[in-house]
Number of protein chains: 2
Amino acid sequence: MDIKELGELGLIKKLAAQFATSHPRIIKGIGDDASVTLQDETKYLLCTTDTLVEDIHFSLKYTPSYNLGRKAVSISLSDIAAMGGTPTFLLVSIVFPPTTPIDFIELFYKGIKEKAQEFGVGLIGGNTSSSPDKIVISTTMLGEVPKDQVLFRKGASVGDAIYVTGYLGDSALGLKVWQQKGSTVIIDPFLKDAMLAHIDPHPRVKEGIIIAERRLATSMIDLSDGLISDLRHIVEESVVGAKVLLKQIPISTSLKRWILEHPQDIMLSLAGGEDYELLFTASPNNARLIEIMAKEIGAPVTRIGEIVPKELCITVLDENGKVVPLTTEGFEHFKQ
Amino acid sequence: MDIKELGELGLIKKLAAQFATSHPRIIKGIGDDASVTLQDETKYLLCTTDTLVEDIHFSLKYTPSYNLGRKAVSISLSDIAAMGGTPTFLLVSIVFPPTTPIDFIELFYKGIKEKAQEFGVGLIGGNTSSSPDKIVISTTMLGEVPKDQVLFRKGASVGDAIYVTGYLGDSALGLKVWQQKGSTVIIDPFLKDAMLAHIDPHPRVKEGIIIAERRLATSMIDLSDGLISDLRHIVEESVVGAKVLLKQIPISTSLKRWILEHPQDIMLSLAGGEDYELLFTASPNNARLIEIMAKEIGAPVTRIGEIVPKELCITVLDENGKVVPLTTEGFEHFKQ
């Protein structure tokens with residue numbers, strides 16, 4: 001059997017996890033947003049690695065190389081943020097065909113550097129190599145978190161409220177518009193925010209640290225695959241279920257206006273990936289503290305549902321209290 | 001201008017180094033075998049990343065996937081060894097076409113796991129992704145070293161002796177034989193060691209730690225690009241020159257016998273890459289201590305020359321005291 005027949009790269013990822021080695025200093029290896037290992041008496045070291053393949057994870061048709069560099073950093077920053085950690089150092093490797101213009105590489109590294117500096121992250125390593133075909137980018141980000149502040153996907157309890165930062169679905173809407181327009185120039189001012197959200201997401205590092213420092217959450221993950229897919233990781237790891245209210249999901253003015261003409265695209269807020277917002281669960285007692293935090297950070301932090309017993313799985317209810325069907329097929333349609 | 005016209009990926013690497021961000025905790029960023037950053041009061045954190053591209057860095061014609069996994073780990077281990085460090089954790093990502101057999105991936109991870117365990121290294125992260133074309137492997141290895149033991153490429157002084165561990169040129173000979181035979185079965189018992197050296201190198205982690213702990217060396221690097229190329233990094237960083245005696249370079253029985261029929265291949269010991277031995281410089285006062293170490297580790301540690309003033313560059317002398325010409329062209333011929 002080959003991978004194509006197996007058809008599910010997730011299975012291969014599980015395979016890799018099975019092959020993970022045990023080690024006395026590993027607190028959490030493969031299977032969360034970042035690995036957690038013992039650094040010293042008070043801190044954990046966080047590590048996350050991401051791979052971006054041309055025409056699978058990004059397209060040069062609508063991603064300028066400067067933005068590609070910025071986004072590669074953001075994706076990794078978001079993983080550190082999801083653990084409540086502070087990012088520290090970054091390694092970036094890029095494989096590219098020999099016909100790549102030097103400008104492209106220069107701008108790529110400029111994007112890497114600027115985004116890293118914006119978050120106080122030091123670029124400490126990397127490789128460049130030629131490739132016969134597509135561009136492949138590989139990033140590893142390190143971070144740190146005080147031992148008593150780390151947040152995992154595991155930890156949600158029945159009765160906890162479910163929160164998200166920011167607006168959901170913008171990146172998926174942006175991708176849709178980029179794909180339709182096939183241009184690197186933003187020509188539609190009305191959709192500008194969504195288009196920018198896709199090529200230059202803003203990871204919630206500051207917010208993740210505040211949530212961890214103030215012990216506001218019981219579990220946390222970043223939204224890379226889409227709300228339902230990522231919520232599934234939380235409920236599986238925490239051995240619980242979740243109920244989400246569709247009308248509570250925060251969506252931007254851009255997506256609201258888009259939905260007027262494309263009502264089915266409300267699903268982008270449930271299934272669209274790459275928002276790089278934070279999804280977390282919290283005791284209902286923390287509601288007031290979370291409101292205060294939202295005001296401080298100047299971004300929405302919205303309660304979208306609650307954790308329920310495992311038997312209830314994940315349920316999304318529309319404004320009439322009807323269950324929104326979550327078939328894999330319906331979702332795959334929206335996934336990149 | 002594109003990369004092909006520029007023709008030298010080393011330049012791009014330099015470009016990346018220029019874009020490295022400064023950070024108060026970076027002791028050494030891009031430009032040594034591993035980055036060195038402040039971990040706590042007594043230790044430095046070491047990080048190294050490597051990328052292996054199919055048909056550029058390896059060929060599946062003669063590298064079984066199990067060995068590919070092992071070798072990917074060894075390459076990174078060798079970088080940590082070159083800093084005098086102890087490897088701790090590993091992240092491995094692999095991009096492969098959807099037609100890849102599942103067996104291949106299973107054996108790849110088995111190789112990763114076994115080699116990592118052999119050196120007490122924990123596998124803490126990774127990614128799998130499909131690719132339209134070639135396999136790309138990306139590894140990041142972490143390690144640690146006491147602050148007062150770290151070794152850099154910089155540090156060699158005029159009068160220092162130059163040493164190497166093990167035998168040089170075997171991996172390059174092995175590659176040559178594999179390429180000629182184009183098979184994954186070792187059919188020539190006489191060349192077995194060289195063929196194995198290429199597909200399953202043994203990084204000198206234990207030796208690197210001993211050299212660092214006993215303060216035997218003034219500078220160190222691992223031999224990945226070939227003796228002269230790697231020595232060039234030492235002399236450039238240390239602002240010195242080097243004189244090497246060709247007949248002092250330790251070569252295996254396999255290579256000795258091969259040279260009887262192919263005398264020009266003595267150059268493999270100077271220019272052949274991927275030996276993953278250690279090259280270090282040491283005060284002549286340490287000669288006795290280095291002999292003792294060699295006995296303890298049960299492997300040759302051979303003095304091959306000495307550090308001379310910068311103006312003398314790198315000179316290799318044959319057994320008659322004649323200078324061996326080191327033209328780039330002559331070398332490129334042997335490089336992979």
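This is a predicted model: local features need pLDDT of at least 70, side-chain atom pairs count only at pLDDT 80 or more; totals for chains, interfaces and linings use all residues.
**Two chains.** A rotation of 180 degrees, with 0.0 Å of shift along its axis, superposes chain A on chain B at an RMSD of 0.0 Å. I noted that this is the relation of a two-fold axis. Next I looked up how the copies meet: 100% of the interface residues of chain A are also interface residues in chain B, so the copies meet through the same surface.

**The core.** Which residues touch the most other members of the largest nonpolar core? I found Leu46(A), Leu90(A), Leu46(B) and Leu90(B), in a core of 191 residues. I then followed Leu46(B) and, leaving out residues up to four places away in sequence, listed its contacts; among them are Ala34(B), Val36(B), Ile80(B), Met83(B), Leu142(B) and Val145(B).

**A helix pair.** I turned to chain A, where helix α5 (residues 170-181) packs on helix α6 (residues 192-199) at an angle of about 100 degrees, with the axes 7 Å apart. I therefore wrote down α5(A) and α6(A) as roughly perpendicular to each other. On the α5(A) side, the contact includes Leu173(A), Val177(A) and Trp178(A), and on the α6(A) side it includes Met195(A) and His198(A). I sorted the residues of this contact into seven nonpolar, three polar and two charged.

**One phenylalanine.** My last stop was Phe104(B), in helix α4 (residues 102-118) of chain B.

Definitions and conventions: Residues are numbered from 1 along each chain as its sequence is written. Chains are lettered from A and ligands numbered from 1 in the order in which they are written. Helices (H or I, at least four residues) and strands (E, at least two) are DSSP runs, numbered from the N terminus. Copies are superposed by least squares on the C-alpha atoms of residues with pLDDT of at least 70 in both. Two residues are in contact if their C-beta atoms, placed from the backbone, lie within 7 Å. A nonpolar core is a set of buried Ala, Val, Leu, Ile, Met, Phe, Trp, Tyr and Cys residues joined through C-beta atoms within 7 Å. A residue is buried if 20 or more other C-beta atoms lie within 10 Å of its own, exposed if 12 or fewer, and partly exposed in between; C-beta atoms are placed from the backbone. Axes are lines fitted to C-alpha atoms, for helices over the stretch in contact, and angles run from 0 to 180 degrees between N-to-C directions. Angles under 35 degrees count as roughly parallel, over 145 as roughly antiparallel, 65 to 115 as roughly perpendicular and the rest as oblique. Ala, Val, Leu, Ile, Met, Phe, Trp, Tyr, Cys and Pro count as nonpolar, Asp, Glu, Lys and Arg as charged, and the others, Gly among them, as polar.
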